[in-house]
Amino acid sequence: MATSNNAVATAVIHDPLVEADKAHYMHGYHMFDEHRVQGALNIVAGEGAYIRDTAGNRFLDAVGGMWCTNIGLGREEMALAIADQVRKLAYSNPFSDMANTVAIELCEKLAQLAPGDLDHVFLTTGGSTAVDTAYRLIQYYQNCRAKPHKKHIIARYNAYHGSTTLTMSIGNKAADRVPEFDYAHDLIHHVSNPNPYRAPDDMDEAEFLDFLVAEFEDKILSLGADNVAAFFAEPIMGSGGVIIPPKDYFLRMWQVCQTYDILFVADEVVTSFGRLGTFFASEELFGVQPDIITTAKGLTSAYLPLGACIFSERIWKVIAEPGKGRCFTHGFTYSGHPVCCTAALKNIEIIERENLLAHVKDVGGYLEQRLQSLRELPLVGDVRCMKLMACVEFVADKRSKALFADAVNIGERIHRRAQDKGLLVRPIMHLNVMSPPLIITHAQVDEIVEVLRQCILETAAELRREGLYSGT
Ligand SMILES: Cc1ncc(COP(=O)(O)O)c(C=O)c1O
């Protein structure tokens, strides 16, 4: 059982590490005011599904780092494989006429695992650079086909595709669109996110599906089909709130793409490498054969940074047409880094050897079932879970689905209570999202659900005391 963490807040204030963090370390999604006061939870160790902070508190990490510690932390055989590769070859130039044997082996393996004719792999440094690569690849492809106007991209509101200027612009989460940053607008467009819980006008699922497909087709026609290059979509939206679309949504969207010669880009940075019980989800779970898949995170289970943009033979044939003398002027110093590729190969070996995909189907099904029991609690508007991607959405009023004011910080309140009880769930506005490591056990699922239940009940009581909540 995880230990209580009540002493942390007072213990860390005098920790010189906390002061150094505040003075020098700018985090991703740095919240200046909060960080100045509260500092951060400083993690020093991790094993399996648990992490430990500098004060010795242990947490069950139901977030799996950032949707990524798939095989669990602290694997000795991974450490040995990485160390061996460092000794053998820590780096070699990946450009033009240079390769390394591990990168070749990994690309071959990814081509085998990816669906259909997705046989070509460009290795990147993470998810954002994989999505950015997909975008540049699409431009290159359209120019090679002499379709220079076919460059517009359609994505969904509430999607997250990364943090470079371009990928942040393809994504469009309201909370990410802060006025201090600028976004690319000219070639990027958005349609509704397919969240049945928030379907407009009380549409049922079938009506909502028709609405989404019609909206997509209208958007294409208004831009001119000859101008639309690609549709970008996460099979299950992750940080947008674990949005599980209506049945056949992807199939229908894909059919529209095929009608108008639009490339389908499945951003599987989260959904690949076991999180949904498959290596890749697009085809196996949603029946779609994408033209491009982007992946990262679970590719190495976060032991080292690596991403990949995997694309079809159809694209390859166009861009690599013999005799054209072309060069794909795109690459990263660390594309195909041999140590990162070794981590990916070892990670895939472990997923296969330990039959983790079957385990996820089992334990993920259990999580789906157990989490649904939270629906009856106050504050809980919706519970969404597909295998090991899960989310609880909190509302001020269950009937109207009205949200709390941002200042109430509902997701953060529940997250803080859970942290005090040794459980990490990730707060995103009015949501708590979860993506535990694939090795999570049934007993740990019980622990997640029971701690969350307690935290939700305590938070509802707290909000009632503050006069902010009157629901049941
Ligand atoms: C669907 C999706 N795409 C892309 C990214 C960006 O990946 P990275 O943070 O490795 O750049 C993320 C990160 O969370 C993601 O969830």
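The model is predicted.

**Helix α14 against helix α16**

- The crossing of α14 past α16 is right-handed.
- On the α14 side, the contact is made by Asp362, Val363, Tyr366, Leu367, Arg370 and Leu371.
- On the α16 side, the contributors are His442, Val445, Asp446, Val449, Glu450, Leu452 and Arg453.
- By class, this contact of α14 with α16 has seven nonpolar, one polar and five charged residues.

**Helix α15 against helix α16**

- Helix α15 covers residues 410-420 and packs on α16 at an angle of about 125°.
- The axes of α15 and α16 are 9 Å apart.
- Angles of 65 to 115 degrees count as roughly perpendicular and those over 145 as roughly antiparallel; α15 and α16 are therefore oblique to each other.
- α15 passes α16 in a right-handed crossing.
- From α15, the residues in contact are Ile410, Arg413, Ile414, Arg417 and Ala418.
- They meet Val451, Leu452, Cys455, Ile456, Glu458, Thr459, Glu462 and Leu463 of α16.
- The contact of α15 with α16 divides into eight nonpolar, one polar and four charged residues.
- Leu452 of α16 takes part in the contact with α14 and in the contact with α15.

**Helix α6 against helix α13**

- Helix α6 (residues 101-113) packs on helix α13 (residues 338-353) with the axes 8 Å apart.
- The packing angle is about 40°, which makes α6 oblique to α13.
- α6 passes α13 in a left-handed crossing.
- α6 contributes Val102, Ala103, Glu105, Leu106, Lys109, Leu110 and Leu113.
- α13 contributes Pro338, Cys341, Thr342, Ala344, Leu345, Ile348 and Glu352.
- Ten nonpolar, one polar and three charged residues make up the contact of α6 with α13.

**The open sheet**

- Four strands form an open sheet with mixed pairing, in the order β1-β2-β3-β13.
- The edges are β1 (43-47) and β13 (423-424), each of which pairs on one side only.
- Strand β2 (residues 50-53) pairs with strand β3 (residues 58-61) in the antiparallel sense, over three bridges.
- Tyrosine 50 has leucine 60 of β3 as its bridge partner.
- The hairpin of β2 and β3 has four residues between the strands.
- Glycine 56 in this hairpin takes a positive phi near 90°.
- β3 also pairs with β13, in the parallel sense, over two bridges.
- Aspartate 61 has leucine 424 of β13 as its bridge partner.

**Aromatic pairs**

- The structure holds 14 aromatic pairs.
- One of them joins phenylalanine 250 and phenylalanine 264, whose ring centres are 6.2 Å apart.
- The planes of these two rings stand at 70°, so the pair is edge-to-face.
- Phenylalanine 250 lies in helix α10 (residues 249-259), and phenylalanine 264 lies in strand β8 (residues 263-267).
- The two phenylalanines are 14 residues apart, and the pair links distant parts of the chain.

Terms used: Residues numbered from 1 in each chain as written. Predicted model: local features only at pLDDT ≥ 70, side-chain atom pairs only at ≥ 80, totals over all residues. Heavy atoms only, no water. Left-handed = near helix turned anticlockwise from the far one by under 90°. Contact = heavy atoms within 4.5 Å. Nonpolar A, V, L, I, M, F, W, Y, C, P; charged D, E, K, R; others polar. Pairing = 2+ DSSP bridges. Phe/Tyr/Trp six-rings, centres within 6.5 Å; stacked < 30°, edge-to-face > 60°. Axes fitted to C-alpha atoms, helices over the stretch in contact; angles between N-to-C directions. Parallel < 35°, antiparallel > 145°, perpendicular 65-115°, else oblique.
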